[in-house]
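Please examine the sequence and the model before reading the solutions.

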Amino acid sequence: MLLASLLLAAAPAEIPAFDRAAILRMCAAKEGDDLDGQYECLRDEIEDHHQFMTLWQADKPERREGYRQCFAEKWDEEKNLPDWGMTIHCIEKMADPKLEVADSGGRFDLKKATAHCEGEKANPTTYPDGSQSGQDMGACLSDAAAGHRSFRLIRAKYQRQRASDTLKALDYCERTWVTNEARYDWGMAIFCANQQLSAPMMIAGLREIK
């Protein structure tokens, strides 16, 4: 409890706006002369922040305390910046597959997710960040539930905005990773969605950098 209190005290009381200029400086310091590395770093930060804010704004209000705790625990005191990637990772570990079945009105298919995780255990997938799937059934199911939750809430956001081009891109991700070839990989579906959304977010973000 003491550690949690100290972490909450170190992080801001309110979720801060995305500080693009500070993130650019952080990425430049991290990647040095590697301009492509700086670009990838900035893109990852923008994607992770977008995913966090979608969850923060669209998920059930009673879940905000858990999200706030993840935000505080992953606050980078040295850089005085949020670690959006690790915050998302923390939130994903909190996902409950049975709750996602209920929250999604049964659209998250736990039987298919279990079959997918059993297949991943036998033949692990190496993800773009170098991690491997299928190492633990419970973790795999939590990741699947987290991916479905994020995808579901992101889709709902763009449905409200009637953003047809974005919805088509999300349809592509779902076809590729969930409905085609008997796949049911919501982890890769949300990764695909973040990739599809990153280009317009990058353009919008760069326009605001002074």
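This is a predicted model: local features need pLDDT of at least 70, side-chain atom pairs count only at pLDDT 80 or more; totals for chains, interfaces and linings use all residues.

Residues are numbered from 1 along each chain as its sequence is written, and side-chain values use heavy atoms, with hydrogens and water left out.

**Exercise 1.** Determine how many disulfides the model contains and which pattern they follow.

*Solution.* 
Step 1. Recall that a disulfide is a covalent bond between the sulfur atoms of two cysteines.
Step 2. Apply the cut-off: a pair of cysteine sulfur atoms within 2.5 Å is taken as a disulfide. By this rule there are four disulfides.
Step 3. Count the bonded cysteines along the chain; the pattern of the disulfides is then 1-2, 3-4, 5-6, 7-8.

**Exercise 2.** Describe the link of Cys27 and Cys41, and state whether each cysteine is buried or exposed.

*Solution.* 
Step 1. The S to S distance between Cys27 and Cys41 is 2.1 Å, and a disulfide joins them.
Step 2. The angle about the S-S bond is -75 degrees, and the link of Cys27 and Cys41 is left-handed.
Step 3. Helices are DSSP runs (H or I, at least four residues), numbered from the N terminus. Because Cys27 belongs to helix α2 (residues 20-31) and Cys41 to helix α3 (residues 35-58), the pair ties together parts that are 14 residues apart in sequence.
Step 4. Buried means under 20% relative accessible area, exposed over 50%, and partly exposed in between (1.4 Å probe, protein chains only). Cys27 is buried, at 1%, and Cys41 is also buried, at 7% relative accessibility.

**Exercise 3.** Carry out the analysis for the pair Cys117 and Cys140, then for the pair Cys173 and Cys192.

*Solution.* 
Step 1. The sulfur atoms of Cys117 and Cys140 lie 2.1 Å apart and form a disulfide. This pair links distant parts of the chain, 23 residues apart: Cys117 is in helix α7 (residues 110-122) and Cys140 in helix α8 (residues 137-160).
Step 2. With -90 degrees about the S-S bond, the link of Cys117 and Cys140 is left-handed. Cys117 is buried at 1% relative accessibility, and Cys140 is buried at 10%.
Step 3. Cys173 is joined to Cys192 by a disulfide, S to S 2.1 Å. Since Cys173 lies in helix α9 (residues 164-179) and Cys192 in helix α10 (residues 186-208), this pair ties together parts that are 19 residues apart in sequence.
Step 4. The link of Cys173 and Cys192 is left-handed, with -75 degrees about the S-S bond. Cys173 is buried, with a relative accessible area of 0%, and Cys192 is buried at 8% relative accessibility.

Terms used: Helices (H or I, at least four residues) and strands (E, at least two) are DSSP runs, numbered from the N terminus.
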